[in-house]
Amino acid sequence: METNYLQQIQEAAQWIQQRLQGNAPQLGLILGSGLGDMAAQVENPTIISYDQVPHFPVSTVEGHAGQFVIGNLEGKSVIVMQGRFHYYEGYSMQKVVFPIYVMKQLGVHTLVITNAAGGMNRSFQAGDLMLISDHLNLTGANPLIGANHSELGVRFPDMSEAYSRNYRQLAKQIAEDMRSEGKSIRLQEGVYSGITGPSYLPPAELTMLARLGGDAVGMSTVGEVIAASHAGLKVLGISCITDMAIGEELEPLTHEQVVAVANKTKPMFIELVRRFVAQLAI
């Protein structure tokens, strides 16, 4: 990590804090491609564009608004990232995860991280939601490489439960409750394979990832979760399965298709997350 990384984090957090009038968020949400509309449900929002915040990168991806929405959701004080940063945009991995440390400085201790992903498990189908139980970091990078700032976390953070078992159990119970009410939610669970992108993978690589144990594949999340573990944050990760990425049956794919499926799945996804936030004891 850069020697002035900690100072940049503190300056960004202080700048945001001055605009919150003493309201310290406890829960952070990162909204992936096509899922940003949930930010509109935050009550009494303070909206801060990323390009206003000192030292912040800017999100360049279609479907990512590029702003914080800070306020209340289901009785909890939340900070929502409406759009995230990706390694493939040309940022260092340290810059990609910069907001995680800023949120921790602001008081956040729980993260709900979402993304759009391709399904590699043959029992999945487009429109499913997948609780992330673990990940494969196939980016070739780690945000913790370099000097460690002990103020941010320990040199060798444990990753044995990077995705909280208790949070996954609560989410599964909520999905069961929703189904008992007649709602057609399909909630899977599996391993997320994080790649750099921005190109989608060819059939041979998808077949390889499936054989390695990956259930879904995407271009975000793993760096954020490593940083969250480093910072001592508890994480619930959810992927929206927007397409099937099975090597032997692969069909052409566009980002527009990904966003379209995410939009269709959005109402059920938002209800699951809202209920999770409401029932979370923090």
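Predicted model: local features only at pLDDT ≥ 70, side-chain atom pairs only at ≥ 80, totals over all residues.
**Strand pairing and aromatic pairs**

Trainee: How many bridges join β7 to β8?

Mentor: Strands (E, at least two residues) and helices (H or I, at least four) are DSSP runs, numbered from the N terminus. Two strands pair if DSSP finds at least two bridges between them. Strand β8 covers residues 216-218 and runs parallel to β7, and the number of bridges joining them is three.

Trainee: Which residue in β7 stands opposite Met 130?

Mentor: Strand β6 (residues 129-137) pairs with β7 in the parallel sense over eight bridges. In β7, the residue opposite Met 130 is Gln 188.

Trainee: How many of the eight residues of β7 are buried?

Mentor: Buried means under 20% relative accessible area, exposed over 50%, and partly exposed in between (1.4 Å probe, protein chains only). Strand β7 spans residues 187-194 and is mostly covered; of its eight residues, the number buried is seven.

Trainee: Why does the pair of Tyr 5 and Tyr 101 count as edge-to-face?

Mentor: The structure holds ten aromatic pairs. Rings of Phe, Tyr and Trp (its six-membered ring) pair if their centres lie within 6.5 Å; planes under 30 degrees apart count as stacked, over 60 as edge-to-face and the rest as tilted. The centres of Tyr 5 and Tyr 101 are 6.0 Å apart, and the pair is edge-to-face because the angle between the planes is 80°.

Trainee: How many residues apart are Tyr 5 and Tyr 101?

Mentor: Tyr 5 lies in helix α1 (residues 5-17) and Tyr 101 in helix α3 (residues 98-106). The pair thus links distant parts of the chain, and the separation in residues is 96.

Trainee: What is the relative accessible area of Tyr 91?

Mentor: Tyr 91 forms an edge-to-face pair with Phe 85, 6.1 Å centre to centre with 80° between the planes. Phe 85 counts as buried, at 2% relative accessibility. Tyr 91 is partly exposed, with a relative accessible area of 21%.

Trainee: How far from the ring centre of Trp 15 is the charged end of Arg 19?

Mentor: A charge sits over a ring if NZ of Lys or CZ of Arg is within 6 Å of the ring centre and within 35 degrees of the ring normal. Lys 95 sits over Phe 98 at 5.0 Å from the ring centre. For Arg 19 over Trp 15, the distance is 3.6 Å.

Terms used. Residues numbered from 1 in each chain as written. Heavy atoms only, no water.
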